[in-house]
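Work through the exercises below with the model open. Try each task before reading its solution.

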Amino acid sequence: MRYKLLIAMAALGLVATPALAADPIQGLVNTCNNCHGTGGVSVGHSMPSIAGLSETYLKNILMEWKSGARASANMTRLISGYTDAEIAALAKYYAKLPWTPVVQPVAADLIAKGKDITDRCETCHGVTGGKPDDEETPRLNGQWAKYLELEMLKYRDPAFQMTHKKMIRNTQKLDQGDVATAAKYYGAQSK
Amino acid sequence: MSQINRRNFIKAIAAASSAAAVSIPLSACAGPGAKTSSGGGKARVVVIGGGYGGATAAKYVKMLDGGIDVTLIEPNAVYTSCPLSNEVISGHRDIKTIQTGYDGLKKRGVNVLQDFVIGVDRAKKVVTTKGGKKLEYDALVMSPGIEFHYNGIEGYSEAVTTDIPHAWKAGEQTLLLKKQLMAIPDGGKFVIVVPKGPFRCPPGPYERASLAANYFQHSGKKKCKVIILDANDSHSKKGLFTQAWKAMYGWEKDGMGTNSMVEWVAGSQGGNVNKLDAKNRTVSSDFVDMKADVLNIIPAHKAGKIAVDTGLAKENGWCKVVPMTMASAEDENIYTIGDSCVAGEMAIYGNPNANFDMPKSAHIAMTQAKVAAAAIVAKLNGLPTPQPYYANTCYSVVGDDYGFSVAHQYRVVDGTFKYIKEGSGISPILMPDKSPVPAIYRKLEAEYADGWLRNVMADAFI
């Protein structure tokens, strides 16, 4: 536990560990942090936090982009420059960091409505999105709402090649007007 | 646009920090702190320039070794981002959203000195400032950005820029150009003059033209035109820009967009401006005289003056670097990063080798800074030189829900830069089956540009 926390703090720059300077993973990770935030915690609304997502989820999605099975506006290009071993190492690194929700508060009636809309999501993601049912499912609590909304647009658009059939089916069942509400519901959850 | 939730983010970091302070003994946290090369005392790193490159270098040295004494020297108290400043000019974004101070770096323990460097003594390893300070260093990060050269255009000078803005260093110039553009009458001509490459922000002029056209459309000034007089015969993301201009701004098939809202004149077609009549806002090339209502000349530029004065800019006016560390090819104790350096074979557009050197972008400056920071900390602590990784992502927003990007990756193999083609390239112009690119791709990248900006600003300055 202490080791885990130390790595996490080093990632956020809270402790100084000169040995990390020579650690090869640090150089690789630095290329991700520009867009995903120092230590993988994003401050950009359209960019996801990646620190603390499960190793399986991260590895799966990165490899799907690399193989071309799953579309992305930009990650398919970027990730193709990394070897499979580097991708595995990156997934492992970010999975070890703690999940740091960036809670985006919204009005109570919106929360109530969001909870209702996301009823069908509960089985896999948990009530608040914070307790995924398995390692392949990402956490959603305190993830950026804007990012989640854009992800749902991708699932809902037949022109965008996504891989998870259940997600495609379920997001397409949402009313257009409810997409942003569902995203904001998860963005507002701390746990 | 919703408010950034930075306060909550900082709270989260603070919470993690205080929790950890209780559970981890201090000895496990703090690095030993590298000692100065002359023995005794803390090692000292001085950083010249508080842009994306310099700020990132200062932050990352401090992150890796809190025992190192880091001083960042920057004349301005507020930094204005060049990336996405075109959205300020076209009225799409408030300038405050692209500005930051240096409190974040100060909180991390970086000494921020608001001053201006007037000299570097390489033999004695001492930096002298205008304010009369002398700072010794064990490693120096040189990140001064660019210096304009006005002499390529007759009648042009720095004095003229208060009336004919360059807006190629963001801040007052950005607002001046915005003010002029907002006041343009319907039917007016906005002329952008582009210097010969390499220049800072390769897609910048074309993005600026696109957003100006977008402004004309939204403000009922549909008879306005934006004309790019380009010293070069090709440009960054050309296929993507041309496609966007066709889709949104009436670009026609003649290759120059003569009757459309955006017109691009290549260097060989008369775009190579060599004369300015400032009083009449008229620019001329060998073939063209053009009177503008709003005139924006981007001056040619080279490495920042202090890099030149220090004897580091010997590669055609730019600073050549050692690929493994970003150290200057001229001095192993100085690391030259950002727009002032040339990393790789210098690209000239239209040259099949284009893309082999790193573009002058904020993102590249930041990855260069991280490489330099790791190399410096490793060296000062007697650790082996780390393997460097360089990456770039550059978004262009060119219209409503319309953005695209280019990515670059570089590694170092046998001591030389290697462009990683597989991990690089522009957004698709067509899908693999030659069908048009679905609109969602362009929308996503327009949204990602904003997320990118917020994260790079935080990763560099906070």
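Domain bounds here come from an automatic or database domain assignment. The model itself is predicted.

**Exercise 1. Find the domains of chain A and state how far apart their centres lie.**

Step 1. Read the assignment: domain 1 of chain A covers 2–96, and domain 2 covers 108–187.
Step 2. Take the centres over C-alpha atoms. They are separated by 23 Å.

**Exercise 2. Describe the contact between domain 1 of chain A and domain 2 of chain A.**

Step 1. Domain 1 of chain A brings 21 residues, and domain 2 of chain A brings 15 residues.
Step 2. Take the buried area. The two domains bury about 1,500 Å² between them, with 53% of it on carbon and sulfur atoms.
Step 3. His45(A), Tyr57(A) and Arg70(A) supply 32% of the area that domain 1 of chain A buries against domain 2 of chain A, more than any other three residues.
Step 4. Count the polar links. There are 10 residue pairs in polar contact between these domains, but zero salt bridges.

**Exercise 3. Which residues touch the most other members of the largest nonpolar core?**

Step 1. Name them: Val45(B), Tyr52(B), Val120(B), Phe190(B), Phe216(B) and Val283(B), in a core of 152 residues.
Step 2. Find the main contributor. Helix α10 of chain B (residues 362–380) gives the most to this core, 13 residues.
Step 3. Follow Val45(B). Beyond four places in sequence, its contacts include Val61(B), Ile68(B), Val141(B), Ile376(B) and Leu380(B).
Step 4. Look elsewhere. Another core, of 41 residues, lies apart from the largest one; among its members are Ala91(A), Val179(A), Ala183(A) and Ala407(B).

How values were computed. Residues are numbered from 1 along each chain as its sequence is written. Chains are lettered from A and ligands numbered from 1 in the order in which they are written. This is a predicted model: local features need pLDDT of at least 70, side-chain atom pairs count only at pLDDT 80 or more; totals for chains, interfaces and linings use all residues. Side-chain values use heavy atoms; hydrogens and water are left out. A nonpolar core is a set of buried Ala, Val, Leu, Ile, Met, Phe, Trp, Tyr and Cys residues joined through side-chain atoms within 4.5 Å. Buried means under 20% relative accessible area, exposed over 50%, partly exposed in between (1.4 Å probe, protein chains only). Helices (H or I, at least four residues) and strands (E, at least two) are DSSP runs, numbered from the N terminus. Contact means heavy atoms within 4.5 Å. Buried area is the accessible area (1.4 Å probe) that two parts lose on being put together, summed over both. A salt bridge is a side-chain nitrogen of Lys or Arg within 4 Å of a carboxyl oxygen of Asp or Glu. A polar contact is a pair of N or O atoms within 3.5 Å; within protein, one must be able to donate a hydrogen and the other to accept it, and residues adjacent in sequence count only if both atoms are side-chain atoms.
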